Amino acid sequence: MAQEKGSENSPLSLSFSGSGFLSLYQLGAVKALRELAPEILQSAPRVYGASAGSLVAAAVVFQTNLDVAKVMLETAAEARKTILGPFYPKFNPLKNLLRSLQQLVPDNAHQLATGRLHIAVTRLSDLKNIIISDFNSKEEVVQVLLCSCFVPYYCGLVPPSFRGVRYIDGGCSNFHPFFSLKSILTVSPFTGEIDICPRDCPVSHFCIQISHASFQLSLENFGRLIHALFPPQTTILTQYYCQGYKDATCYLNQTDKMFKSPFKKTLKTTVRCRILKRHCVDILH
């Protein structure tokens with residue numbers, strides 16, 4: 001799939017699927033790309049994201065990778081404090097996200113994002129998918145990110161609005177924006193016909209396309225779906241983060257454009273992932 005997408009003279013856009021708490025996987029992949037092939041991130045003309053994937057897309061545009069990872073780990077820790085988890089009445093992920101975005105999103109976010117950051121949202125009135133890429137202020141960028149991440153009932157009862165129109169989770173109508181285009185590098189924590197994603201046992205090879213996304217029908221993917229909505233322990237979430245780093249490195253190796261000695265680089269990547277794991281475990285302290 002990687003061989004079909006673009007050429008050295010045509011930079012790839014990026015697309016991040018909906019991911020819930022497994023956006024940590026995507027953030028791990030972004031970190032690998034930033035360290036090993038920064039030109040891929042820097043030259044991407046458009047960066048797409050849906051649901052929590054929109055936060056990862058914003059992290060690419062605003063270069064706030066580890067800051068977003070910290071937000072996700074903190075929110076997950078908060079969700080695990082009660083038996084009901086994220087469905088505990090006092091748990092408000094959108095409120096936590098708003099507070100964090102106001103700190104993380106730069107003041108000139110609208111200038112950086114307009115025309116480059118493309119966020120998928122679902123219009124509440126007709127459930128139509130809308131891609132928003134035009135912003136007049138930092139506040140508008142924050143508001144659109146909140147709209148794309150708003151899962152009905154999970155995040156509350158009253159959806160946020162943007163310019164007077166209410167929107168809900170972008171993944172409801174477009175789980176992985178433009179994932180099938182040849183000019184896009186796709187990243188998802190769910191196995192499917194995706195450039196950077198986990199690779200499950202080839203025995204479970206049957207893939208389906210739903211909500212503009214590719215999913216492999218496997219027990220592993222079902223488990224990931226549960227973890228995306230009901231966050232596991234921090235140690236498991238950091239494993240997803242490291243897996244994203246490893247899978248992105250494998251993608252770069254397979255393209256045969258970055259490394260002349262994949263075996264040696266894989267050894268270095270394994271050591272690097274151990275360091276990343278320790279860092280993520282300590283990030284809340």
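In this tour, a residue is called buried when its relative accessible area is under 20%, exposed when it is over 50%, and partly exposed in between, as found with a 1.4 Å probe on protein chains only. Helices (H or I, at least four residues) and strands (E, at least two) are DSSP runs, numbered from the N terminus.

The model is predicted: local features need pLDDT of at least 70, side-chain atom pairs count only at pLDDT 80 or more, and totals for chains, interfaces and linings use all residues. Residues are numbered from 1 along each chain as its sequence is written, and side-chain values use heavy atoms, with hydrogens and water left out.

**Stop 1: helix H5**

Select residues 93-104, which form helix H5. The buried residues here are Pro93, Leu94, Asn96, Leu97, Ser100 and Leu101. Viewed down the axis of H5, these buried residues fall within an arc of 155°, so they line one face of the helix; the arc is that of the directions from the helix axis to the C-beta atoms. Lys95 and Gln103, on the other side of H5, are exposed. The twelve residues of H5 should span 16 Å at 1.5 Å a residue, and the end C-alpha atoms are 16 Å apart, which agrees. The expected span is 1.5 Å times one less than the number of residues.

**Stop 2: Glu78**

Next, select Glu78 in helix H4. Glu78 is partly exposed, with a relative accessible area of 38%.

**Stop 3**

Now select residues 117-123, strand S3; six of its seven residues are buried, so the strand is largely enclosed by the rest of the structure. Two strands pair if DSSP finds at least two bridges between them.

- Strand S2 (residues 47-50) runs parallel to S3 and is joined to it by four bridges; Gly49 stands opposite Ile119.
- Strand S4 (residues 129-132) pairs with S3 in the antiparallel sense over four bridges, with Ala120 opposite Ile131.
- Strand S6 (residues 165-168) is antiparallel to S3 and joined to it by two bridges; Ile168 is the bridge partner of Thr122.

Five residues lie between S3 and S4 in their hairpin, and Leu127 in the turn has a positive phi of about 55°.

**Stop 3: the largest pocket**

On a 1 Å grid over the protein atoms alone, a cavity is a set of points where a 1.4 Å probe fits but cannot get out, and a pocket is an open set with protein on both sides within 12 Å along at least five of seven lines; lining residues have an atom within 4 Å of a point. Grid points are joined across faces, edges and corners, and a volume is the space filled by probe spheres set on the points.

The largest pocket has a volume of about 750 Å³. Select Ser19, Gly20, Ser51, Ala228 and Leu229, the closest to its centre of the 35 lining residues. Helix H8 gives the largest share of the lining, five residues.
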